[in-house]
Amino acid sequence: MRIPVIFTLNDAMPLLTLLTDFGERDVYVGVMKGAIAQINPALTIVDLTHQIPPQNLLAARFNVMNAYPYFPAGTVHVAVVDPGVGSQRRAIALELPSGFLVGPDNGIFSGILEREEAIAAVQLDNARYWRTPTPSATFHGRDIFAPVGAHLASGVPLREVGSTIALSSLLRLPLPACDRHDSGITGCVQYIDQFGNVVTNIPGEAVPSLSWSVIAGTASIPGKRTYADVDKGHPLALIGSHGWVEIAVSNGSAQNQLHLNWGDTVELVLT
């Protein structure tokens with residue numbers, strides 16, 4: 001049974017964002033939006049990205065974490081990168097001071113939860129708020145996450161869509177924390193963008209005003225301010241717009257040139 005949603009065109013509707021690894025060739029994203037529109041066609045949907053590399057939870061974690069601060073309070077973020085769909089992994093929704101998160105309990109929201117403490121979490125076990133009481137074992141994005149997100153964005157309280165679970169029970173991704181020491185900071189690669197820029201988990205505010213460099217593998221990469229501060233094809237480190245220390249190659253790919261990948265160790269050092 002579909003739950004009726006009462007709204008008027010004059011009501012201020014929260015935004016609902018979508019992030020998936022579904023790509024754009026198939027109809028998967030479109031049918032998620034159709035499921036949302038069946039519940040509340042007045043909602044504004046923002047596509048964060050649907051180009052997350054398939055099943056790459058670290059990439060999903062980074063992208064939803066960095067998009068989250070740019071949306072108004074009350075925004076509902078639906079993130080579906082779900083290698084465990086149909087298994088015993090939990091479907092969850094979280095309420096935070098600035099909005100709601102809806103998706104699988106697989107660590108996808110770890111980055112946000114490291115920055116902002118959740119108010120409450122529920123397991124999405126109330127089928128009244130699903131698209132169907134018999135959801136597909138392979139498409140919870142359409143049958144559970146998108147409908148629940150639409151209901152939350154339409155004003156349904158978090159406690160109505162599922163059973164309360166302990167915040168401490170939420171799964172976290174095992175990304176190593178930064179280790180600060182006398183000579184610098186040891187961190188790791190947390191994301192690689194489409195340009196081949198390698199984003200570390202070393203925060204920009206930790207970068208000293210003195211000269212600095214980043215060691216990645218056998219390469220020592222000078223710290224700079226902009227991509228144009230080195231010649232074309234040369235590597236550099238800088239603080240990216242996302243606020244993290246990033247390794248790049250001017251007009252090239254740091255991933256390819258330096259053979260870096262998710263989780264690799266990097267070290268920021270004073271020079």
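**A loop residue and the packing inside**

A: Leaving aside residues up to four places away in sequence, Leu167 touches Ala118, Ile119, Ala120 and Ala121, where a contact means heavy atoms within 4.5 Å. Before going further, a word on the model: it is predicted, so local features need pLDDT of at least 70 and side-chain atom pairs count only at pLDDT 80 or more, while totals for chains, interfaces and linings use all residues. Residues are numbered from 1 along each chain as its sequence is written, and side-chain values use heavy atoms, with hydrogens and water left out.

Leu167 sits in the loop between β7 (163–165) and β8 (179–181); helices (H or I, at least four residues) and strands (E, at least two) are DSSP runs, numbered from the N terminus. With a relative accessible area of 27%, Leu167 is partly exposed. On this scale buried means under 20%, exposed over 50% and partly exposed in between (1.4 Å probe, protein chains only).

Now to the interior. Nonpolar side chains in soluble globular proteins tend to be buried together. A nonpolar core here is a set of buried Ala, Val, Leu, Ile, Met, Phe, Trp, Tyr and Cys residues joined through side-chain atoms within 4.5 Å. The largest core has 30 residues, and Val78, Val102, Leu124, Val148, Leu152 and Val161 touch the most other members. Two or more residues each come from β1 (15–20), α1 (28–39), β3 (75–80), β4, β5 (99–104), α4 (140–153) and α5 (158–161). Helix α4 gives the most, with seven residues. Beyond four places in sequence, Val148 touches Val102, Leu124, Tyr129, Trp130 and Val161. A second, separate core of 27 residues includes Ala60, Tyr68, Ile108 and Leu113.

Helix α2 (residues 57–67) deserves a look too: ten of its eleven residues are buried, so the helix is largely enclosed by the rest of the structure. Among its buried residues are Ala60, Arg61, Phe62 and Asn63. The buried residues of α2 pack against β1, β2 (44–49), α3, β9 (184–192), β10 (198–203) and β14 (244–249).

A cavity is a set of points on a 1 Å grid over the protein atoms alone where a 1.4 Å probe fits but cannot get out, and its lining residues have an atom within 4 Å of a point. The largest cavity holds about 60 Å³ of space, with grid points joined across faces, edges and corners and the volume being the space filled by probe spheres set on the points. Its lining includes Ile92, Leu94, Ile108, Leu113, Leu170 and Leu171. Strand β4 (91–96) and helix α3 (110–115) each supply at least two of the lining residues. The lining divides into eight nonpolar, three polar and one charged residue, taking Ala, Val, Leu, Ile, Met, Phe, Trp, Tyr, Cys and Pro as nonpolar, Asp, Glu, Lys and Arg as charged, and the others, Gly among them, as polar.

Terms used: On a 1 Å grid over the protein atoms alone, a cavity is a set of points where a 1.4 Å probe fits but cannot get out, and a pocket is an open set with protein on both sides within 12 Å along at least five of seven lines; lining residues have an atom within 4 Å of a point.
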